[in-house]
Amino acid sequence: MANLKDIKNRIQSVKSTQKITRAMKMVAAAKVKKAENTVKASRPFTFELTGMFKKLLASVGSYSAQSLKIKSAVDNYPELLKVREIKTVGLLVITSNKGLAGAYNANVVRKTLQTIKDYQNQGIKTILFIVGQKGISSLKRKCKDFDCEIVKTYLGVANNPSGEGAKIIIEDIAEYFVSHKIDKIEVITTRFKNMMSYFVENWTILPLKGLHDDEEKLHDNVIDPLMEFMPDMHNILQKVVPMYMTNILYQSLLEAQASELASRMTAMSAATSNAEKMINELSVEYNKTRQFAITQEIIEVVSGANGQLG
């Protein structure tokens, strides 16, 4: 049986851990509500922007870069629309910088490795763009066993999702796509459902969706021909495409942050409850050990007294 000092030290250690998990739970709970509101508020804009993008894409007809002033890869929307034979796929993996969020990061990494394996079976190479320190640490080790390469990493945007941060990432992946270093780009992120759940999914960013919609969908999406555009549809679409891509990525970053915070709040709540259960069990063991020690001392005193009397 363990001695009283050891049990007391264990109780104190668990109580200290419980204070930390309770504090982390409260912090996550305070942040997750704000993150949830931000996600829900941004979804209608993303939906409307996607609809406008599809209508412009369906109405513009043939795509040409001749009349466009192209300063960077993201401005070359005709090239971003091209569907090529897929030889190399870029995976943009969104994880967090911090741990203690339950299985959140592990689920994203697991989905990433499964996606890499699936492409490997098709003879397709993968390169990784990773958001978040946890994804960088895990996949850096795993890439030694898989045919993949980490080409870009991003840390700041994992803690503070912003349009500017999303724009930087979009410019990087657009450059890789236009220069034919990759033929497709997918985002592996989490979709926030509610405080208790989220799910991991793949979002395809490049090539841009809409080019191969069937004729019926294209007809339904066409903008009223009586509408006039100044200067023209091509220049407007050139402005809309970077905005659309940036917004899609920004939305995925917001969804990921809300999912991370919800997962951390749930994990810390469970850890706090488990610590309370462990404290109660250790307290019972402490009392039993103390009672045993007292009983043992009484027996020794009584035995000593009886020996003297005898």
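1. Let me start with the cysteines: C143 is buried, and C148 is buried too (buried means under 20% relative accessible area, exposed over 50%, partly exposed in between, with a 1.4 Å probe and protein chains only). The two form a disulfide with their sulfur atoms 2.3 Å apart; the cut-off for a disulfide is a pair of cysteine sulfur atoms within 2.5 Å. The C143 and C148 link is left-handed, at -120° about the S-S bond. A search of the whole structure turns up 1 disulfide.

2. A word on the source: this is a predicted model, where local features need pLDDT of at least 70, side-chain atom pairs count only at pLDDT 80 or more, and totals for chains, interfaces and linings use all residues. Residues are numbered from 1 along each chain as its sequence is written, and side-chain values use heavy atoms, with hydrogens and water left out.

3. Now the overall layout. The protein chain has 8 helices and 5 strands, in the order α-α-β-α-β-α-β-α-α-β-β-α-α from the N terminus. Both kinds of element are DSSP runs numbered from the N terminus: helices are H or I with at least four residues, strands E with at least two. Of the 310 residues in the chain, 43% count as buried. Among contacts with a separation of 6 or more, 77% come from residues 24 or more positions apart (contact means heavy atoms within 4.5 Å). The chain exposes about 17300 Å², with carbon and sulfur atoms supplying 54% of that; the areas come from the Shrake-Rupley method with a 1.4 Å probe, and for residues only the protein chains shown count as cover.

4. Have a look at helix α4 (residues 133-142), whose buried residues are G135, I136 and L139. They cover an arc of only 100° around the axis, which puts them on the same side of α4; the arc is taken from the directions from the helix axis to the C-beta atoms. The cover over these buried residues includes β1 (88-94), α3 (104-121), β2 (125-131) and β3 (148-154).

5. On to the aromatics: the structure holds 3 aromatic pairs. Rings of Phe, Tyr and Trp (its six-membered ring) pair if their centres lie within 6.5 Å; planes under 30 degrees apart count as stacked, over 60 as edge-to-face and the rest as tilted. The ring centres of F53 and Y244 are 4.1 Å apart and the planes are at 10°, so this pair is stacked. F53 lies in helix α1 (residues 4-59) and Y244 in helix α8 (residues 233-309), so the pair ties together parts that are 191 residues apart in sequence. Both F53 and Y244 are buried.

6. F129 and Y176 make an edge-to-face pair, 5.2 Å centre to centre with 85° between the planes. F129 is in strand β2 and Y176 in helix α6 (residues 163-178), so the pair links distant parts of the chain, 47 residues apart. F129 is buried at a relative accessible area of 0%, and Y176 is buried at 16%.

7. Two charges sit over rings here. K181 lies over the face of Y176, 4.9 Å from the ring centre, and the charged end of R84 sits over the ring of F177, 4.3 Å from its centre. The criterion is NZ of Lys or CZ of Arg within 6 Å of the ring centre and within 35 degrees of the ring normal.

8. Last, I279 in helix α8. I279 counts as buried at 7% relative accessibility. Leaving out residues up to four places away in sequence, I279 touches I11, V14, K15 and Q18. I279 and I11 are 268 residues apart in sequence and 5.8 Å apart in space, C-alpha to C-alpha.
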